[in-house]
Amino acid sequence: MADTIVALATPLGRSGIGVIRLSGSDSLRITRILVGNQEFNPSNRVATLQKIIEPGSGVPTDDAVLSYFKAPKSFTGEDVIEISCHGSPVVLRQVLDQALSNGARLAGPGEFSLRAVANGRIDLSEAEAIRDLIDAQTMAAAKQSVRQMGGEVSHLLQPLKDDLLGAIVILESALEFVEDDLPDAQTESLISTLFKIRASVLDLASTFKAGRLIRDGIRIALVGRPNVGKSSIFNALLGSNRAIVTDIAGTTRDQLHERFTIGDIPISLIDTAGLRDTEDVIERIGVERSRRTMADADLILVVIDSSRAITDEDLSICRNVEDLPHLIVFNKIDKVDRSDPAIGDNLVLSINGSNANYHVSVSALSGEGLNELKEAIVEPFTSDESSGKGFLISDARHHDLLVRTANEIDESTGQLKDGNSEEIVLIGLHNALRFLGEITGETTTEDMLTRIFSTFCIGK
């Protein structure tokens, strides 16, 4: 019998209400101790107002609303009691301590959801969707998580697993009962079926780029030599004065990280130290960090001061990002005499050896060109055709398992075409079925479950 776990289900800190959750066979016994009433017998799925009593003294600690969810019709499949107290950290700590001293154990990360999976209340992909919904940064990410939480991954995979199992049954039967090879017509039918399963699996896997974009967003690094206006663009994109802006070169010595959204896409924006050779030890460390950040970014914004002549440092930075995803941003266009239409073209042509056609002109001071810059930032990531599809795969683990499934089916199809024995063909198909099962948790190992649920918050 599983022990009874307890945890704070709402964030730490002061709030109007704080919720403590108990799950396990001793939940009701512990709750009776908390309310100082051994006859307390709450109705299933009915909230009741009770006083939490300090043990020993009998002095009330707080008024709380208790909700009882009787097994097996609860989130975890066990007896669950949720205690809604006033959100004082002192009160919540005392209630938790009382529960722990009377037989409960503090829950680990995601342990309530893990019990729900173990007791068949939800599958693994639905549990992961709960985590993703809590972490969602945009409404689009939240909607995708809700769809997955409703079992959409399972609904999409079940027909594929059924078709795959049907192919396995035919081959297993041939292995057991047919002395001769499968008839050519049946072999061709099997090959056609496997092709269709593989295509459906890859079609689902192809949505990962768009799904990951909605879930995790884009990591963007602002780079350039000192005093080209990186921090000004940083502030303009955020809509607040987050970075210090001065005329002194080298003001930004360390990285600034902030998050915002463009449409439904989360953006992680990093303002880096100006790239230049310097004798200042602190600034040199910042420059080195800037170079490392460039390598890890999904997109690099190379900022150039359009009001001044292109320098060797500008050209050097552009050459360094040639093979990396980048966008050239000509800043300070408010200081440029644009009566000559060739000004912009001359600036672009000056960036030798770089994809200078991919550029935007802006003024961080006046805001001119900022909307165009935002559109240019997301355009390379939203042009994929899969972004228009309904449900998107957003979890890297799911994507990896889908790709591995397709590879195993492809290998088995090749073996079947070559006329190899059913035993050899079945190896890949059984592996493919196992990989699909790992997505929903049917065949997932204990080690894998431990790794997955370690990413959850405590209390969920």
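1. Lys332 counts as buried, at 17% relative accessibility; buried means under 20% relative accessible area, exposed over 50%, and partly exposed in between, for a 1.4 Å probe and protein chains only. The phi of Lys332 is positive, near 65 degrees, although the residue is not a glycine. Lys332 sits in the loop that runs between strand S11 (326-331) and helix H12 (342-350). Helices (H or I, at least four residues) and strands (E, at least two) are DSSP runs numbered from the N terminus.

2. The model is predicted: local features need pLDDT of at least 70, side-chain atom pairs count only at pLDDT 80 or more, and totals for chains, interfaces and linings use all residues. Residues are numbered from 1 along each chain as its sequence is written, and side-chain values use heavy atoms, with hydrogens and water left out.

3. The protein chain has 16 helices and twelve strands. It has 460 residues, of which 47% count as buried. Contact means heavy atoms within 4.5 Å. Among contacts between residues at least 6 apart in sequence, 68% join residues at least 24 apart.

4. Arg45 also has a positive phi without being a glycine, at about 60 degrees. Its loop lies between helix H1 (27-35) and strand S3 (47-53). Arg45 is exposed, with a relative accessible area of 53%, whereas Lys332 is buried. Most residues other than glycine have a negative phi, and most peptide bonds are trans.

5. The peptide bond from Ala71 to Pro72 is cis, with omega near 0 degrees. Pro72 belongs to the loop between strand S4 (60-69) and strand S5 (80-87). Ser74 is placed in the loop between S4 and S5 too. Ser74 is buried, at a relative accessible area of 3%. With neighbours within four places in sequence left aside, the contacts of Ser74 are Arg45, Phe69, Val80 and Arg121.

6. Which way do H4 and H5 run relative to each other? Helix H4 (residues 124-135) and helix H5 (residues 139-149) pack at an angle of about 155 degrees, and their axes are 8 Å apart. Axes are lines fitted to C-alpha atoms, for helices over the stretch in contact, with angles from 0 to 180 degrees between N-to-C directions. H4 and H5 are therefore roughly antiparallel, since angles over 145 degrees count as such, those under 35 as roughly parallel, 65 to 115 as roughly perpendicular and the rest as oblique. The crossing of the two is left-handed, that is, the near helix is turned anticlockwise from the far one by less than a right angle (clockwise would be right-handed).

7. On the H4 side, the contact is made by Ser125, Glu126, Glu128, Ala129, Ile130, Asp132 and Leu133, and on the H5 side by Ala142, Ser145, Val146, Gln148 and Met149. By class, it has six nonpolar, three polar and three charged residues. Ala, Val, Leu, Ile, Met, Phe, Trp, Tyr, Cys and Pro count as nonpolar, Asp, Glu, Lys and Arg as charged, and the others, Gly among them, as polar.

8. The buried residues of H5 are Ala140, Ala141, Ala142, Gln144, Ser145 and Gln148. After H5 comes Gly151, with a positive phi near 90 degrees.

9. How many disulfides does the structure hold? The number is zero, taking a disulfide as a pair of cysteine sulfur atoms within 2.5 Å. Cys85 is buried, with a relative accessible area of 2%, and Cys318 is buried at 0%.
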